[in-house]
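My entries keep to what I looked up.

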Amino acid sequence: MQAPPTELPAWQTLHTHQRDLAGCHLRELFAADPKRFERFSVEAAGLFLDYSKHRIREDTLTLLLELAQQTGLNRHRADMFAGAPINTTEQRAVLHTALRNRAGTSILVDGIDVMPAVRRVLQQMRDFSEGIRDGRILGHTGLAIRDVVNLGIGGSDLGPLMACEALEPYSRPDLRVHFVSNVDGAHLGRLLKRLDPRTTLFIVASKTFTTQETLANAHSARAWLVAGLGSEAAVAQHFAAVSTNLKGTAAFGIPDAHVFEFWDWVGGRYSLWSAIGLSIALYVGMDNFDALLDGAHAMDAHFRASAPTHNLPMILGLLGIWYRNFWGTATHAVLPYDQGLHRFTAHLQQLDMESNGKSVDLQGRSITYETGPVIWGEPGTNGQHAFFQHLHQGTDWTPCDFILPLQSHYPLGDHHRMLVANCLAQSQALMWGKTQEEARAELQSQGMSPAEIERLAPHKIFPGNRPSSTLLLSRLTPHTLGALIALYEHKVFVQGSIWNVNSFDQWGVELGKQLAGRILKDLRDGTPAAAQDASTSGLIRRALDPG
C-alpha cells in the first residue's frame with residue numbers, strides 16, 4: 001500500500017527547505033544569479049516556459065523531483081500511456097493520449113488495440129465534416145448547413161467551446177458554431193430565436209444519451225426543428241450524436257451514420273480530442289483538427305521522454321505542489337493574454353478541480369494534506385482592471401500563469417505591442433514590487449510635500465515576491481493550442497500522482513444529480529416529500545408558489 005506523501009522523506013525535507021527560503025525575496029534571487037532566466041526556462045512543442053520568477057533555487061527543484069520519484073510518478077505515467085486501468089474506482093484505462101496518438105503505434109486495452117477504432121472515428125469525422133462544409137450533406141429542404149449547435153455539458157461543452165473560440169481565425173464566415181449547455185431554457189431559447197431550422201445542425205454530445213440537461217435541450221431543439229420544418233423525417237438530416245447508445249439515438253431519430261462513437265476510457269474533461277470535438281472539426285475543418293491533435297501528441301511525447309529538469313508538465317506540476325503544500329496557497333490564477341483564450345481558464349477549472357478536488361486517496365483513506373487548488377482567472381488586460389489589485393496588494397498571494405502569443409491574428413495598430421507590454425509588466429510587478437523607499441522617492445519626484453508623502457506612501461508599497469510563470473507561444477494555432485491543453489492535462493496528472501488521488505473519476509458531481517432528481521419529482525407532484533429537510537421543503541414550497 002502506497003504511503004501518504006506526507007510520510008516520505010522528501011516531503012519532510014521540503015518543509016525544512018521552505019522555512020529556509022521564506023525570508024528570501026525574488027529580488028535577491030535574481031541579484032545573486034545573473035543567468036537565472038536561462039537556468040529556469042525550457043522550451044518544447046512550440047511553447048516556451050519562463051519559471052524564473054518563482055520562489056525557488058536549483059536545490060528546490062532537485063527536492064521536488066525527489067518527491068516525484070518517491071511517490072512513483074514515473075511508474076504512474078508509464079501505466080497511463082500503456083492503457084493500465086489507473087482509474088481504479090471505475091476500473092478503466094485513461095487514454096485520451098490514444099486519441100491523438102500520431103505515431104502509428106498500437107495501444108492495448110484488455111489485449112485489444114484501440115487505434116483502429118480511433119482511426120475509424122477520425123475518418124468518419126472527416127467524411128461528415130467535409131460533407132457539411134462543402135455542401136454534399138444538406139438539410140431537409142436542400143439548403144446548406146450554416147449553423148451548428150453543440151448540445152452538451154461539462155467536458156462535452158467546455159472543451160469544444162474553448163477550442164472553437166481560440167481557433168476562430170481558422171473558421172469560415174458562412175459556418176457558425178454555437179454551444180448550449182445550461183438546462184435553463186434561456187440558454188437554448190435565446191439562441192433558437194436567431195436560427196433558421198432549414199440551415200441548422202444539432203450535435204447531441206452525450207456518451208450514454210441519458211444526460212438530463214443535454215437530453216432536455218435536445219428534445220426541445222427537436223420539437224423546434226419539427227415545428228419549423230413540418231416533418232419528423234427532418235430530424236435525421238439535422239441531428240448528429242456523439243454517443244455509445246445506438247438504441248437511444250435511433251429512438252430519437254438520428255441515423256447510425258450520424259452517430260459518432262467514443263469509449264469509456266475517454267473522460268469527459270479529456271474528450272475534446274475524441275468525436276466530442278466534432279463541432280471543432282466542423283468549425284475549422286478536419287485538417288486543423290488534425291493539427292490540434294498533432295500539437296497535443298508533441299506534448300505527450302515531450303512529457304513521456306524528456307528529462308525531468310526540462311519537462312514542462314513536470315515542472316509546472318511540481319511548482320503547484322510547492323505552493324499548495326509548502327506555502328499554503330489555496331488558489332492558482334491562469335491569465336491568458338489573448339482574447340481567443342477567454343474560455344481557456346474555464347476549461348482548466350473543470351480539468352483541474354474535477355480531477356484533483358479530492359479528499360480521499362487511492363487507498364480510500366481520508367487525506368490530511370491539501371489537494372487541488374481553486375483555479376480562476378480572466379484574459380488580460382480585462383483582469384488588470386478587475387482583480388489584479390488583489391494579486392498585487394492583497395493579504396493572500398496567488399501563484400499565476402501568464403500565457404502570451406507573441407504574434408496576433410489581428411495586428412491592429414499598436415494593439416499587440418500594448419498587450420505584450422502589459423503582460424510582461426504585470427509579471428515583473430508581481431515579482432519586483434515597490435519598496436517604501438521607492439514609493440517615497442517617486443512621490444517626492446512628483447513635487448509632493450513631506451506630509452503628503454507620509455500620507456500616501458503606505459498605499460504605494462507593493463510587497464512583490466509574488467511568483468508567476470510565463471508561457472510564450474509564437475502564435476495561437478491549432479498546433480500550439482493542442483500542446484497548451486495537453487501541457488495542463490499532464491500538469492494535473494503530475495499533481496494527482498503526487499497527491500495519491502484518482503484524477504480521473506468525479507463522484508463529487510453525483511450527489512447533487514441524485515438529489516435534483518428527487519426534488520424534480522416533488523416539483524412535478526406539487527408538494528415536498530416528507531423526507532425532505534425543513535429548509536429544502538420550504539424552498540420547494542416557495543418554488544411551487546412563486547407569488
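I count two strands as paired if DSSP finds at least two bridges between them, and I take helices (H or I, at least four residues) and strands (E, at least two) as DSSP runs numbered from the N terminus. The model is a predicted one, in which local features need pLDDT of at least 70 and side-chain atom pairs count only at pLDDT 80 or more, while totals for chains, interfaces and linings use all residues. Residues are numbered from 1 along each chain as its sequence is written, and side-chain values use heavy atoms, with hydrogens and water left out.

Entry on the strands. I looked up the hairpin that β1 and β2 form, and found 2 residues between the strands and, in the turn, A45 with a positive phi of about 55°. Strand β1 (residues 41-44) runs antiparallel to β2 and is joined to it by 4 bridges, with E43 standing opposite F48 in β2. I then checked the other pairing of interest, where 4 bridges join β2 to the antiparallel strand β13 (residues 468-473) and L49 stands opposite L471 in β13. Which way do the side chains of β2 (residues 47-50) point? L47 and L49 point one way, F48 and D50 the other, and all are buried, where buried means under 20% relative accessible area, exposed over 50% and partly exposed in between, with a 1.4 Å probe and protein chains only.

Entry on helix α18. I noted that α18 (residues 415-432) has 18 residues and reaches 25 Å from its first C-alpha to its last, close to the 26 Å expected at 1.5 Å a residue, the expected span being 1.5 Å times one less than the number of residues. Its buried residues are H416, L419, V420, C423, Q426, S427, L430 and M431. They lie on the same side of α18 because they cover an arc of only 130° around the axis, taken from the directions from the helix axis to the C-beta atoms. What covers them includes α2 (26-32), α17 (388-393), β12 (400-405) and β13, contact meaning heavy atoms within 4.5 Å. After α18 comes G433, with a positive phi near 70°.

Entry on backbone angles. Most residues other than glycine have a negative phi, and most peptide bonds are trans. I found the bond from G380 to T381 to be cis, with omega near 15°, and T381 in the loop between β11 (374-376) and α17. F209, not a glycine, has a positive phi of about 55° and is buried at a relative accessible area of 7%.
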